[in-house]
Structures are given as C-alpha cells and as structure tokens.
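Hi,

Here is the structure I promised to pass on.

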Amino acid sequence: MTTPPLATIGYERATLDEVIGRLKAASVEVVIDVRAVAASRRAGFSKTMLGASLNAAGIGYRHLRGLGTPKAGRDAARAGRTGEMRAIFAEHLTEPQAQLALSEACEIAAVQRAALLCFEAEACQCHRAIVADLIHDAIGFTIVNL
C-alpha cells in the first residue's frame, strides 16, 4: 500500500473558503494544525471556528500544540529571520511534548491524507516544512505544498 502524500498549507493570503477549496481539491481528509496558539485575527482561522468549518466540509481537524513554534521562533519568523526560527524550533523539538505530538502526527499521516496547517503562505518560511520533513523521514512519502 502506498502512503498518501502529506500536504502543507498556509492561510496567510487566503480566505477560509479558499483554504477549504484547496484542501478538498487535494483530497485532504484531516488537517493537523501545527500552530502553538490556534487563534487568529483572520476570520475563520481560530481553532473552534476552523475545526467546525473543516468538519462541515467533511475534513477532520486535530490541533497539535506541541508542534507549534515557541514565541521567540514566531517572532523570528515574523521578522524574516528564518534561520533563527529554525534553530529555535529545532531546540523545541527535543522536548517531550513536541516528540509526543510528532509521534501523533506520524500516526495520523500514516492512515489518512493529512495537511499540516500554519499561517505563513510559503512553506519554506514556516516550521511546518520542518515537521513535514520529519514525518517524511519517519514514514516516507511525497510532500505537497498547497
């Protein structure tokens, strides 16, 4: 059996309807929210509203806070210091909470077509690319940035 691709998606420049449309077009079954703080000033992207909207569209939702970037890493990402964000996130990944969340993400991605969700539009500027690579290393499959 072939493992389905793992998708990543950022909502920085998209509406909720656009994000759901891209997820559905990619046949995503579950969104794994990898934000440390699943709140957003963007309409529809806070945890409760996002989860309800995804469920209404037939897409599951799981928030894995342990895979979120610590505040210092988010600040570095906002300032365009991607290397610094990556270093902070790498340190965070050594923590037990992050390891448990990574294990759960691997379990989900192994059985369902999943998409990692975070804010940044470009995966290469976001920690979700690191998470996707780690899941890829554990399971082995293609990563698709939506």
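Before the notes, one term: helices (H or I, at least four residues) and strands (E, at least two) are DSSP runs, numbered from the N terminus. Also, this is a predicted model, so to speak of local features I needed pLDDT of at least 70, and side-chain atom pairs count only at pLDDT 80 or more, while totals for chains, interfaces and linings use all residues. Residues are numbered from 1 along each chain as its sequence is written, and side-chain values use heavy atoms, with hydrogens and water left out.

**The sheet**

Let's begin with the strands. There is an open sheet of five strands with parallel pairing, in the order β3-β2-β4-β1-β5. Two strands count as paired if DSSP finds at least two bridges between them. At the edges sit β3 (60-63) and β5 (143-145), each of which pairs on one side only. On average, neighbouring strands of this sheet are turned by 25 degrees against each other, direction ignored. For this and later angles, axes are lines fitted to C-alpha atoms (for helices over the stretch in contact), and angles run from 0 to 180 degrees between N-to-C directions.

Now the individual pairings. β1 and β4 are parallel and share four bridges, with A115 in β4 as the bridge partner of A7. On β1's pairing with β5, again parallel, there are three bridges, and L6 has I143 in β5 as its bridge partner. Strand β2 (residues 30-33) is joined to β3 by four bridges, and the two run parallel. There, V31 stands opposite Y61 in β3.

How many residues of β1 are buried? Five of the five are, so β1 is largely enclosed by the rest of the structure. Buried here means under 20% relative accessible area, exposed means over 50%, and partly exposed is in between (1.4 Å probe, protein chains only). L6, T8 and G10 point one way from β1, A7 and I9 point the other way, and all are buried. In β2, V30 and I32 point one way while V31 and D33 point the other, and all are buried.

**Helices on the sheet**

Helix α1 (residues 16-25) lies across β1 (6-10), β2 and β4 (114-118), and runs at about 170 degrees to β1. Helix α6 (residues 128-139) also packs on the sheet: α6 touches β1, β4 and β5, and its direction makes about 175 degrees with that of β1. Contact means heavy atoms within 4.5 Å.

- E104 is found in helix α5 (residues 96-111). With 25% relative accessibility, E104 counts as partly exposed. Not counting residues up to four places away in sequence, E104 touches R62 and L64. R74 is 30 residues from E104 along the chain, and their C-alpha atoms are separated by 23 Å.
- N55 is found in helix α2 (residues 47-56). Leaving out residues up to four places away in sequence, N55 touches G60 and Y61.
- S27 lies in the loop between α1 and β2. Its phi is near 60 degrees, a positive value in a residue other than glycine. Most residues other than glycine have a negative phi. S27 is partly exposed, with a relative accessible area of 45%.
- A72 is found in helix α3 and, at 44% relative accessibility, counts as partly exposed. A72 and M85 are 13 residues apart in sequence and 7.6 Å apart in space, C-alpha to C-alpha.

**The largest pocket**

The largest pocket has a volume of about 630 Å³. Of the 23 residues that line it, Y11, R74, R78, F119 and E120 are the closest to its centre. Two elements give two or more residues to the lining, α3 (71-78) and α4 (82-92), and α3 has the largest share, three residues. By class, the lining holds ten nonpolar, six polar and seven charged residues.

On terms: a pocket, on a 1 Å grid over the protein atoms alone, is an open set of points where a 1.4 Å probe fits, with protein on both sides within 12 Å along at least five of seven lines, and lining residues have an atom within 4 Å of a point. A volume is the space filled by probe spheres set on the points. Ala, Val, Leu, Ile, Met, Phe, Trp, Tyr, Cys and Pro count as nonpolar, Asp, Glu, Lys and Arg as charged, and the others, Gly among them, as polar.

Cheers
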